[in-house]
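These are my notebook entries on a single protein chain. I set down what I looked up, in the order in which I looked.

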Amino acid sequence: MSPKDYFTWLLDHTTVIAMDDPHLESFKQLSSEGLIQLRIIPATGCEKFAEHLYTKINTFLKEETEGRVSVVRVEFMEHSKNTAIYE
């Protein structure tokens, strides 16, 4: 999957939850009924989402550039009062 396709798959009109969400089974049920497009990642929250994106983007870049390019920093902004930076 290309980086663009991955981020579209992950973020475009989806519900993203953590693996340890106490309502995981309810979300899975909603997904199986076609009511949501569920994406499960290791952890959520602004800081953890920034870390997840950092890791994914680095993986794509290192593969595409044969290790010549890597991410230095990712800033994720939920809204103007909730921002996280991962370096």
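Entry 1. I count two residues as being in contact when their heavy atoms lie within 4.5 Å. I also note that the model is a predicted one.

**Entry 2. One histidine.** With that term in hand, I looked up His52. His52 touches Tyr6, Leu10, Ile41 and Pro42, if residues up to four places away in sequence are left out. I located His52 in helix α3. Is His52 buried or exposed? Its relative accessibility is 14%, and buried means under 20%, so His52 counts as buried.

**Entry 3. The chain as a whole.** I then stepped back to the overall plan. The protein chain has three helices and four strands. Read from the N terminus, the elements follow the order α-β-α-β-α-β-β. I looked up the extent of the chain: its C-alpha atoms fill a box of roughly 45 × 30 × 20 Å along the principal axes. Of the 87 residues, 25% are buried.

Entry 4. Two packed helices are described by the angle between their axes and the distance between the axes. I looked up both values for helix α1, residues 3–11, and helix α3, residues 46–64. Their axes come within 11 Å and cross at roughly 155°. Angles over 145 degrees count as roughly antiparallel, and α1 and α3 are therefore roughly antiparallel to each other. The crossing of α1 and α3 is right-handed.

Which residues of α1 and α3 meet? From α1 I listed Pro3, Tyr6, Phe7, Leu10 and Leu11. From α3 I listed Phe49, His52, Leu53, Lys56, Ile57 and Phe60. I sorted the residues of this contact by type: nine are nonpolar, one is polar and one is charged.

**Entry 5. Charged pairs.** Side chains of opposite charge can pair when their charged atoms come close. How many salt bridges does the structure hold? I found two salt bridges.

One of them joins Lys28 to Glu25, with the closest N and O atoms 3.7 Å apart. Lys28 and Glu25 are three residues apart in helix α2, residues 24–32, so about one helical turn separates them. Lys28 has 37% relative accessibility and counts as partly exposed, whereas Glu25, at 55%, counts as exposed.

Another joins Glu51 to Lys48, with an N to O distance of 3.3 Å. Glu51 and Lys48 are three residues apart in helix α3, so they too are separated by about one helical turn. Glu51 is partly exposed at 26% relative accessibility, and Lys48 is partly exposed at 42%.

**Entry 6. Positive phi angles.** Lastly, I looked up backbone angles in two loops. His13 has a phi near 60°, a positive value in a residue other than glycine. I placed His13 in the loop between α1 and β1, and at 66% relative accessibility His13 counts as exposed. Glu66, which is not a glycine, has a positive phi of about 55°. The loop that holds Glu66 runs between α3 and β3. Glu66 counts as exposed at 70% relative accessibility.

Conventions
Residues are numbered from 1 along each chain as its sequence is written. This is a predicted model: local features need pLDDT of at least 70, side-chain atom pairs count only at pLDDT 80 or more; totals for chains, interfaces and linings use all residues. Side-chain values use heavy atoms; hydrogens and water are left out. Axes are lines fitted to C-alpha atoms, for helices over the stretch in contact, and angles run from 0 to 180 degrees between N-to-C directions. Angles under 35 degrees count as roughly parallel, over 145 as roughly antiparallel, 65 to 115 as roughly perpendicular and the rest as oblique. A crossing is left-handed if the near helix is turned anticlockwise from the far one by less than a right angle, and right-handed if clockwise. Ala, Val, Leu, Ile, Met, Phe, Trp, Tyr, Cys and Pro count as nonpolar, Asp, Glu, Lys and Arg as charged, and the others, Gly among them, as polar. A salt bridge is a side-chain nitrogen of Lys or Arg within 4 Å of a carboxyl oxygen of Asp or Glu. Buried means under 20% relative accessible area, exposed over 50%, partly exposed in between (1.4 Å probe, protein chains only).
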